[in-house]
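How can a reader find a way through a folded protein chain, starting from its overall pattern and ending with single residues? Please look at the sequence and the structure shown here, and keep both in view while reading.

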Amino acid sequence: MGYLLHVLAEKCTGCMDCVEACPIEDGIRMIPLPSGEWDVVVCRHCNPAPCVEVCDFGALGVSGDGAVVLNPALCTSCKACIAVCPFGAVFLRPSGTMAKCDLCSGSPKCAEACREGALIYERVEKKSLMKGKPSVAELLELKGLR
């Protein structure tokens, strides 16, 4: 079993409670859409994670609870992780440093703060974690990196 952070964008009101609750600067972003709705952009902690596989510096890894975590001390800001992230959820800050969600050590503050139920963190069976996800090789090929 594992855990997944689900994003139900249709429930998002754009209140920004999730952004304010996130302890990581740029760990989650809200993008206003022309329709008036919001796109919630946050790491989904893929399994397997293309960002981890593409990182040649070992700056991205998977913690014991399945969270994809960034070690800023090892990161060179090469942006390879940005190129392969299927959700666009690895961010380059204006300072030149990288940012991404780390699931707050298994208790995501964004999901706790979301009053509308747009962010849900729940336990799922391993089979459903893998269902329908393209392999890392497919994603890298799609992005022209292999």
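The paragraphs below go from the whole chain to its core, its cavities, its salt bridges and a few residues with particular backbone geometry.

This is a predicted model, in which local features need pLDDT of at least 70 and side-chain atom pairs count only at pLDDT 80 or more, while totals for chains, interfaces and linings use all residues. Residues are numbered from 1 along each chain as its sequence is written, and side-chain values use heavy atoms, with hydrogens and water left out.

The secondary structure of the protein chain comes to six helices and eight strands, where helices (H or I, at least four residues) and strands (E, at least two) are DSSP runs numbered from the N terminus. Read along the sequence, these elements follow the pattern β-α-β-β-α-β-β-α-β-β-α-β-α-α. Of the 146 residues in the protein chain, 38% are buried; buried means under 20% relative accessible area, exposed means over 50%, and partly exposed lies in between, with a 1.4 Å probe and protein chains only. Contact here means heavy atoms within 4.5 Å, and among the contacts in the protein chain between residues at least 6 apart in sequence, 61% join residues at least 24 apart.

Next comes the core. A nonpolar core is a set of buried Ala, Val, Leu, Ile, Met, Phe, Trp, Tyr and Cys residues joined through side-chain atoms within 4.5 Å. The largest such core has 36 residues, and those with the most contacts inside it are Leu5, Ile28, Val40, Val42, Cys51 and Leu119. The elements that give two or more residues to this core are strands E1 (2-7), E2 (28-32), E3 (38-42) and E8 (119-124), together with helices H2 (50-54), H3 (80-84) and H4 (109-113). Strand E3 gives the most to this core, with four residues. Which residues does Val40 touch, not counting those up to four places away in sequence? Val40 touches Val7, Cys12, Ile28, Arg29, Met30 and Leu119.

On a 1 Å grid over the protein atoms alone, a cavity is a set of points where a 1.4 Å probe fits but cannot get out, and its lining residues have an atom within 4 Å of a point. A search of the whole structure finds four cavities of 30 Å³ or more, and the largest cavity has a volume of about 120 Å³, a volume being the space filled by probe spheres set on the grid points, which are joined across faces, edges and corners. Of the 15 residues that line the largest cavity, the closest to its centre are Cys12, Cys15, Cys18, Cys114 and Ala118. The second largest cavity has a volume of about 80 Å³, and its lining includes Cys43, His45, Cys85 and Lys100.

The charged side chains come next. Side chains of opposite charge can pair when their charged atoms come close. A search of the whole structure finds two salt bridges, a salt bridge being a side-chain nitrogen of Lys or Arg within 4 Å of a carboxyl oxygen of Asp or Glu. In one of them Asp17 pairs with Arg115, with the closest N and O atoms 2.3 Å apart. Asp17 lies in helix H1 (residues 17-21) and Arg115 in the loop between H4 and E8, so the pair ties together parts that are 98 residues apart in sequence.

Gly27 lies in the loop between H1 and E2 and is buried, with a relative accessible area of 2%. Leaving aside residues up to four places away in sequence, Gly27 touches Cys22, Val42, Phe91, Lys100 and Cys101.

Finally, consider the backbone. Most residues other than glycine have a negative phi, and most peptide bonds are trans. A cis peptide bond, with omega about 5°, joins Asn47 and Pro48, and Pro48 is placed in the loop between E3 and H2. Leu103, although not a glycine, has a positive phi of about 65°, and Cys104, also not a glycine, has a positive phi of about 50°. Leu103 is buried at 4% relative accessibility, and Cys104 is buried with a relative accessible area of 17%.

Methods. On a 1 Å grid over the protein atoms alone, a cavity is a set of points where a 1.4 Å probe fits but cannot get out, and a pocket is an open set with protein on both sides within 12 Å along at least five of seven lines; lining residues have an atom within 4 Å of a point.
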